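User: Hi, I have a structure open and I'd like to go through it with you. Could you take my questions as they come?

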Amino acid sequence: MDDRMFRTAMGKFATGVTVIASELDGEVHGMTANAFMSVSLDPKLVLISVGTDAKMNKIIQESQKFTVNILSGSQKEMSMIFSGQIKEERKVDFDIFEGLPVIENSLVSMACNVYETFEAGDHTLYVGEVMNLSLKDGEPLTFFEGKYKQMI
Ligand code: FAD
Ligand code: NAD
């Protein structure tokens, strides 16, 4: 099986879209991610998968903190900015929640401390303990077959 076939198959699993954000030495960094899942209720744990070579990986390794921002249907541009799909640099204003950077108007923003880390092939899996979260109503941005969709 080649990489394209694997990606085509994984792309059949429809997901939401998140932006992971973290901060190190006063620099805020964001990265689009759809590899996100809820893990445990007691304690409250979530999991993200970050490419080992991604800039975000080094930042979380050092800061041991991150936020997960679940994007709404109107935030496709945020996903494109933080995945490098929009090439030119854009200024993004982050809100601060629990001392960490979050994307304003996300459906959910959660502040996490790293609970456990696992190396898995060319990605690093971070289990995060959710310290606090904020919630908004709205429809999600979704990703299916390599394309963004909106529910309505
Ligand atoms: P960079 O590539 O340097 O940064 C990403 C982009 O964000 C750059 O364009 C940068 O200019 C911009 N940016 C960062 N911080 C700021 C800031 N403060 N202000 C303004 N702009 C900023 N990769 C994974 O590892 N795991 C996943 O689960 C995953 N899911 C994805 C889902 C989707 C739908 C898409 C489109 C991509 C996904 N990717 C995933 C790929 C990942 O988003 C890209 O490879 C990304 O470029 C990696 O980011 P980086 O941390 O290496 O930093
Ligand atoms: P695509 O066809 O590459 O993605 C379809 C699905 O394949 C994704 O939802 C994901 O589940 C999987 N996938 C893609 N790249 C992967 C990787 N490097 N490691 C593990 N799983 C991966 O869609 P696209 O629109 O071409 O993606 C845009 C860019 O974002 C590509 O460079 C892609 O590699 C990257 N991406 C990375 C991940 C990830 O690292 N987990 C997830 C999604 C997209």
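User: What is 2.6 Å from the side chain of His-123?

Analyst: That is an oxygen atom of ligand 2, which is 2.6 Å from an N or O atom in the side chain of His-123. Such a pair is called a polar contact, meaning two N or O atoms within 3.5 Å, where a pair within protein also needs one atom able to donate a hydrogen and the other able to accept it, and residues adjacent in sequence count only if both atoms are side-chain atoms. Please keep in mind that this is a predicted model, in which local features need pLDDT of at least 70 and side-chain atom pairs count only at pLDDT 80 or more, while totals for chains, interfaces and linings use all residues. Side-chain values use heavy atoms, with hydrogens and water left out, residues are numbered from 1 along each chain as its sequence is written, and chains are lettered from A and ligands numbered from 1 in the order in which they are written.

User: OK, and how far is Asn-34 from ligand 2?

Analyst: A polar side-chain atom of Asn-34 lies 2.9 Å from an oxygen atom of ligand 2, and for Arg-4 an N or O atom in the side chain is 2.7 Å from an oxygen atom of ligand 2. The protein covers 58% of the 650 Å² of accessible area that ligand 2 has on its own, where such areas come from the Shrake-Rupley method with a 1.4 Å probe and, for residues, only the protein chains shown count as cover.

User: Which residues are around ligand 2?

Analyst: They are Arg-4, Arg-7, Met-10, Gly-11, Asn-34, His-123, Phe-143 and Gly-146, where a residue is near a molecule or strand if one of its heavy atoms lies within 4 Å of it.

User: Now ligand 1: how many residues surround it?

Analyst: Ligand 1 is surrounded by 25 residues, and the closest are His-29, Thr-32, Ser-49, Gly-51 and Met-56. By class, the shell has 13 nonpolar, 10 polar and two charged residues, with Ala, Val, Leu, Ile, Met, Phe, Trp, Tyr, Cys and Pro counted as nonpolar, Asp, Glu, Lys and Arg as charged, and the others, Gly among them, as polar.

User: Which backbone atoms come up there?

Analyst: A polar backbone atom of Gly-51 is 2.8 Å from an oxygen atom of ligand 1, and a polar backbone atom of Ile-81 is 3.2 Å from an oxygen atom of this ligand. The protein covers 73% of the 980 Å² of accessible area that ligand 1 has on its own.

User: Which element gives the most to that shell?

Analyst: β3 does, with six residues, and the elements giving two or more residues are β3 (27-33), β5 (45-51) and α2 (55-63). Helices (H or I, at least four residues) and strands (E, at least two) are DSSP runs, numbered from the N terminus.

User: Changing topic, where is the cis peptide bond?

Analyst: The peptide bond from Asp-42 to Pro-43 is cis, with omega near 5°, and Pro-43 is found in the loop between β4 (36-40) and β5. Most residues other than glycine have a negative phi, and most peptide bonds are trans.

User: What is the phi of Asp-25, and is this residue buried or exposed?

Analyst: Phi of Asp-25 is near 50°, a positive value in a residue other than glycine, and Asp-25 lies in the loop between β2 (18-24) and β3. Asp-25 counts as exposed because its relative accessibility is 77%, given that buried means under 20% relative accessible area, exposed over 50% and partly exposed in between, with a 1.4 Å probe and protein chains only.
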